[in-house]
Amino acid sequence: MSNVPAELLYTSDHEWVSPLSAEGTVRVGITDHAQDALGDVVYVDLPSVGDSLDAEGSFGEIESTKSVSDLLSPVAGEVVAVNEALADDPAQVNSDPYGEGWLIELRPESADDVAKLLSAEAYQAELD
């Protein structure tokens, strides 16, 4: 069984989203399942703070020893932070996908978009 933290929300594209913070932002990363399927992550290309993202639109790429994959935004919104530490240590995506391996923080255009994401149970059911 994959590591699927119950407090997070998910997409069918194997991204996780933290629930809305008091500041109205969410943190986004790839799931344990995704990092495991990718293999050793060697490079992450992330957007710039201030960029506007479309829901399900590409916001960058993640490169592993096996492949290069697009990163898809789970919701529409504005990038308010990027994980700069990944430039020097992209392997954090493998070692701690739900912690130090986070990718971006977004201010969603609509809280309704966040509410439409998958629960941990629904995401686990897609994996099973």
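Which residues have the most contacts inside the largest nonpolar core, and how many residues does that core have?

Modeller: This is a predicted model, in which local features need pLDDT of at least 70 and side-chain atom pairs count only at pLDDT 80 or more, whereas totals for chains, interfaces and linings use all residues. Residues are numbered from 1 along each chain as its sequence is written, and side-chain values use heavy atoms, with hydrogens and water left out.

The largest nonpolar core has 24 residues, and Val44, Leu46, Leu103 and Ile104 are those with the most contacts inside it. A nonpolar core is here a set of buried Ala, Val, Leu, Ile, Met, Phe, Trp, Tyr and Cys residues joined through side-chain atoms within 4.5 Å; buried means under 20% relative accessible area, exposed over 50%, and partly exposed in between (1.4 Å probe, protein chains only). Two or more residues of this core are given by each of strand E3 (26-30), helix H1, strand E4 (41-45), strand E6 (58-64), E8 and E9. Helices (H or I, at least four residues) and strands (E, at least two) are DSSP runs, numbered from the N terminus. E3 supplies the largest share, three residues. A second, separate core of nine residues includes Val4, Trp16, Tyr98 and Ala120.

Residues up to four places away in sequence not being counted, leucine 103 touches Val28, Gly29, Ile30, Val44, Leu46, Phe59, Leu71, Val82, Asn83, Leu86 and Val93; contact means heavy atoms within 4.5 Å.

An open sheet of six strands has the order E1-E2-E3-E9-E8-E5, with antiparallel pairing. Because E1 and E5 stand at the edges with a single partner strand each, one side of each has no neighbour in the sheet. Strands count as paired if DSSP finds at least two bridges between them. E3 and E9 pair over three bridges in the antiparallel sense, and arginine 27 has glutamate 105 in E9 as its bridge partner. E9 (residues 104-108) is joined to E8 by five bridges, again antiparallel, with arginine 107 of E9 opposite glutamate 78. Glutamate 78 in E8 also stands opposite serine 52; the antiparallel strands E5 (residues 52-53) and E8 (residues 77-82) are joined by two bridges.

Ala120, a member of the second core, leads on to helix H5 (residues 120-127), whose buried residues are Ala120, Tyr123 and Gln124. These fall within an arc of 100° seen down the axis of H5, and therefore line one face of the helix; the arc is that of the directions from the helix axis to the C-beta atoms. Glu121 and Ala125 are exposed on the other side of H5. The buried residues of H5 pack against strand E1 (9-10) and helix H1 (32-38).

Finally, the loop between E6 and strand E7 (68-72) holds lysine 66, where UniProt places the feature "modified residue: N6-lipoyllysine" (unreviewed entry). UniProt positions are given in the numbering used here, feature names are shortened, and annotations may be inferred rather than shown by experiment. Lysine 66 is exposed, with a relative accessible area of 60%. Neighbours within four places in sequence aside, lysine 66 is in contact with Asp36, Ala37, Leu38 and Gly39. A polar atom of its side chain lies 3.4 Å from the backbone oxygen of alanine 37.

Definitions and conventions. A polar contact is a pair of N or O atoms within 3.5 Å; within protein, one must be able to donate a hydrogen and the other to accept it, and residues adjacent in sequence count only if both atoms are side-chain atoms.
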